Amino acid sequence: MNMQAEERYKELFPDDEDGRKRKAKAFDMLADAYYMGNFGSMQKSDIDLIMFSNYLEAILDQCGNDSAQCSDYNLSKYLGITQNRIRTLKERKQLKYPYERFDWKKSFLEICKNARYSDGKIIINIMDVNVYLELKNAIESAGGYVDTQISQSTLKIRLEYFVDLMMLLCEENDRRKVQKEMKEYLRKEDIDVAKFEEEGFGTTVFNCAKSKAIDVCCDALNKVCPLLGELAKPVINKVVDMVRKNK
C-alpha cells in the first residue's frame with residue numbers, strides 16, 4: 001500500500017463531520033447512478049470521474065489556489081495513474097461536475113506571479129488545464145492566437161497582447177472605461193487609433209509604435225491595474241519591473 005496516498009486520503013476525508021459529509025456526497029453521487037432504475041449501467045470511467053471529482057474538490061476546499069497541491073504530478077503519485085490521465089480527468093470533471101468556486105481569472109492572476117519576460121514576450125506556466133482552456137478561449141474569442149506547439153501548459157505571448165489579455169480580465173463596464181483611456185493616451189503619444197476598436201491595443205501598438213512599444217505597454221498596464229483589483233497589483237508591478245529592466 002502507498003503509505004503517502006493513505007495519509008493523504010485521511011487528511012482529505014478525516015473521521016469528523018466534514019470528512020463524513022465528503023464521503024456521503026461521493027456515495028450519493030454513486031447511488032444516483034445505481035439505485036434509480038439503472039443499476040449496473042454505469043461505465044467504469046464514469047465511476048472514476050465521480051471518485052476523482054470528490055477527491056479533487058476535497059483538495060481545493062483545503063488548499064484554495066495553491067496549485068502545487070493539486071498539480072498533475074502530485075495527483076498522479078497519490079492516485080497511481082499518469083499525469084496525462086490526471087489532466088484528462090480534470091477537464092472532464094469541470095465539464096460534468098464543475099467546481100462552484102472555480103474562478104479562472106483569479107487563478108490566472110495568481111499564476112502570473114511566476115511570469116517571466118524574454119525577447120519581448122511574457123512566458124507563464126499554467127499547470128491547471130481548465131485555467132489554460134478558459135484563457136485560450138478568451139484570447140481566441142478576442143481574435144488572438146495561442147501557440148499550442150510550444151506546450152499545452154505554457155502561455156507565451158507578446159507584451160502588447162498581454163495588455164489586451166489584462167483588459168479581457170476586466171469587467172465589461174470597466175473594460176469600456178479603460179479602452180477609452182487607452183485611446184486618449186495613444187492619441188497623446190501620436191499613435192493612430194483608427195483600428196483600435198477592431199484590432200485591439202496590441203495590434204495598434206505593434207503596427208504603429210514599435211520604437212516605443214515597451215514604454216506604451218508598461219504605461220497601459222499601470223492604467224489597467226486598478227480595474228483588476230488588489231490581486232493584480234503585485235502581478236502588474238512585477239511584469240512592469242521585469243520589462244523595464246530588460247529593455
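Does Arg85 count as buried, partly exposed or exposed, and at what relative accessibility? In this predicted model, Arg85 counts as partly exposed because its relative accessibility is 36%.

**Salt bridges**

The structure holds 18 salt bridges. One of them joins the side chains of Asp48 and Arg85, with an N to O distance of 2.8 Å. This pair links distant parts of the chain, since Asp48 belongs to helix α3 and Arg85 to helix α5, 37 residues apart. Salt bridges with shared partners also join Lys25, Glu57 and Lys93 into one network.

A further contact involves Arg92 and Asp46, whose side chains meet in a salt bridge at 3.4 Å, N to O. Arg92 lies in helix α5 (residues 83-96) and Asp46 in helix α3, so the pair ties together parts that are 46 residues apart in sequence.

Arg20 counts as partly exposed because its relative accessibility is 46%, while Asp15, at 68%, counts as exposed.

| Asp48 | Arg85 | 2.8 Å |

**Aromatic residues and the nonpolar patch**

The structure holds 4 aromatic pairs. One of these is formed by Tyr35 and Phe39, which are stacked, with 6.3 Å from centre to centre and 15° between the planes. Both Tyr35 and Phe39 are exposed. Together with Phe27 and Tyr34, these two residues form one aromatic cluster.

Tyr35 and Phe39 also take part in a nonpolar patch on the surface, along with Phe27 and Met36. The accessible area of the four patch residues together is about 530 Å². Met36 is located in the loop between α2 (17-34) and α3 (44-63). Its relative accessibility is 55%, and Met36 therefore counts as exposed.

**Contacts across the sequence**

Ala33 is placed in helix α2. With a relative accessible area of 12%, Ala33 is buried. Its C-alpha atom is separated by 9.0 Å from that of Ile47, a residue 14 positions away along the chain.

Glu6 is found in helix α1 (residues 3-12) and is partly exposed, with a relative accessible area of 24%. Although Glu6 and Leu79 are 73 residues apart in sequence, their C-alpha atoms are 9.9 Å apart in space.

**Helix α11 and the cysteines**

Helix α11 covers residues 213-224 and contains 12 residues. At 1.5 Å a residue, this helix should span 16 Å; the end C-alpha atoms are 16 Å apart, so expectation and model agree. The buried residues in α11 are Ala213, Val216, Cys217, Cys218, Ala220, Leu221 and Val224. As a general point, an α-helix has 3.6 residues a turn, so residues three or four places apart point the same way.

Cys218 has a relative accessibility of 0% and therefore counts as buried. How far is the sulfur of Cys218 from the closest cysteine sulfur? The closest one belongs to Cys217 and is 7.0 Å away, which is too far for a bond. A disulfide requires sulfur atoms within 2.5 Å. The structure holds 0 disulfides. Elsewhere in the chain, Cys70 is buried as well, with a relative accessible area of 10%.

**A positive phi angle**

Where is Asp119 placed? Asp119 sits in the loop between β1 (116-118) and β2 (121-125). The phi angle of Asp119 is near 50°, a positive value in a residue other than glycine. Asp119 has 71% relative accessibility and therefore counts as exposed.

Note on methods. Residues numbered from 1 in each chain as written. Predicted model: local features only at pLDDT ≥ 70, side-chain atom pairs only at ≥ 80, totals over all residues. Heavy atoms only, no water. Helix = DSSP H or I, 4+ residues; strand = E, 2+ residues; numbered from the N terminus. Expected span 1.5 Å × (residues − 1). Buried < 20%, exposed > 50% of the residue type's maximum accessible area, 1.4 Å probe, protein only. Patch = residues over 30% accessible without salt bridge, like charges linked within 9 Å, V, L, I, M, F, W, Y side chains within 5 Å. Areas by Shrake-Rupley, 256 points an atom, 1.4 Å probe, with all protein chains shown as cover. Phe/Tyr/Trp six-rings, centres within 6.5 Å; stacked < 30°, edge-to-face > 60°.
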